[in-house]
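We'll start with the overall layout and then stop at a handful of residues.

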Amino acid sequence: MKNKVLIKLEVPSLNETFDLFLPVNEILWKINKMLVKCVSDLSNGCFDTTKEYFLANKTTGKIYENNDIVIHTDIRNGTELVLFY
């Protein structure tokens, strides 16, 4: 699948990790919004969706800009991301 990447998403506030596919041609603010909704659904509503969350690369510590497109970042298959507020 060349249009998606498989990432590992860590959510420290839930002490959980999720393996998810991200579309490579999408803007990160949309991805961020989708991930917050997805994590909320997967945690049976235990995740607070009212806070502003950020995505960071777990390895490099880089915090991604909301207007970046996934394919123009260093996010590739196997990248470990952290969703935090």
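Helices (H or I, at least four residues) and strands (E, at least two) are DSSP runs here, numbered from the N terminus. Keep in mind that this is a predicted model: local features need pLDDT of at least 70, side-chain atom pairs count only at pLDDT 80 or more, and totals for chains, interfaces and linings use all residues. Residues are numbered from 1 along each chain as its sequence is written, and side-chain values use heavy atoms, with hydrogens and water left out.

Let's begin with the fold. The chain has 1 helix and 4 strands, and from the N terminus on the order is β-β-α-β-β. As for overall dimensions, the C-alpha trace spans about 30 × 25 × 20 Å along its principal axes. A compact globule of 85 residues would have a radius of gyration near 12 Å, and the chain has 12 Å, so the two agree. That radius is taken over C-alpha atoms, and the globule rule is 2.2 Å times the number of residues to the power 0.38.

Of the 85 residues, 34% count as buried; buried means under 20% relative accessible area, exposed over 50%, and partly exposed in between (1.4 Å probe, protein chains only). The accessible surface of the chain comes to about 5400 Å², and 51% of that belongs to carbon and sulfur atoms. These areas come from the Shrake-Rupley method with a 1.4 Å probe, and for residues only the protein chains shown count as cover.

Contacts (heavy atoms within 4.5 Å) tell you how the chain comes back on itself. Residues 24 or more positions apart account for 56% of the contacts in the chain with a separation of 6 or more. On the charge side, there are 10 positive and 11 negative side chains, and the centres of the two sets lie 6 Å apart. Lys and Arg count as positive and Asp and Glu as negative, while His and the chain ends are not counted; the place of a charge is taken as NZ of Lys, CZ of Arg, CG of Asp or CD of Glu.

Next, zoom in on Thr79. You'll find Thr79 in the loop between strand 3 (54-57) and strand 4 (80-84). Is Thr79 buried or exposed? Its relative accessibility is 11%, so Thr79 counts as buried. A polar atom of the Thr79 side chain lies 2.8 Å from the backbone oxygen of Arg76. That pair is a polar contact: N or O atoms within 3.5 Å, where, within protein, one must be able to donate a hydrogen and the other to accept it, and residues adjacent in sequence count only if both atoms are side-chain atoms. Setting aside neighbours within four places in sequence, Thr79 is in contact with Leu6, Ile7, Lys8, Asn57 and Asp74.

Lys8 turns up again when you move to Thr17. Thr17 sits in strand 2 (residues 16-23), and beyond neighbours within four places in sequence it is in contact with Lys8, Leu9 and Glu10. With 43% relative accessibility, Thr17 counts as partly exposed. Thr17 and Leu81 are 64 residues apart in sequence, yet their C-alpha atoms are 9.5 Å apart in space.

Asn15 is in the loop between strand 1 (4-11) and strand 2, and it has a positive phi of about 55 degrees although it is not a glycine. Its relative accessible area is 72%, so Asn15 is exposed. From Asn15 to Tyr85, 70 residues along the chain, the C-alpha atoms are separated by 14 Å.

Finally, the helix and what follows. Lys33 lies in helix 1 and is exposed, at 60% relative accessibility. In the loop between helix 1 (28-42) and strand 3 comes Ser43, which is buried with a relative accessible area of 13%. A polar atom of the Ser43 side chain lies 3.3 Å from the backbone oxygen of Ser40. Asn44 is also in the loop between helix 1 and strand 3, but Asn44 counts as exposed at 72% relative accessibility. Asn44 has a positive phi of about 55 degrees although it is not a glycine.
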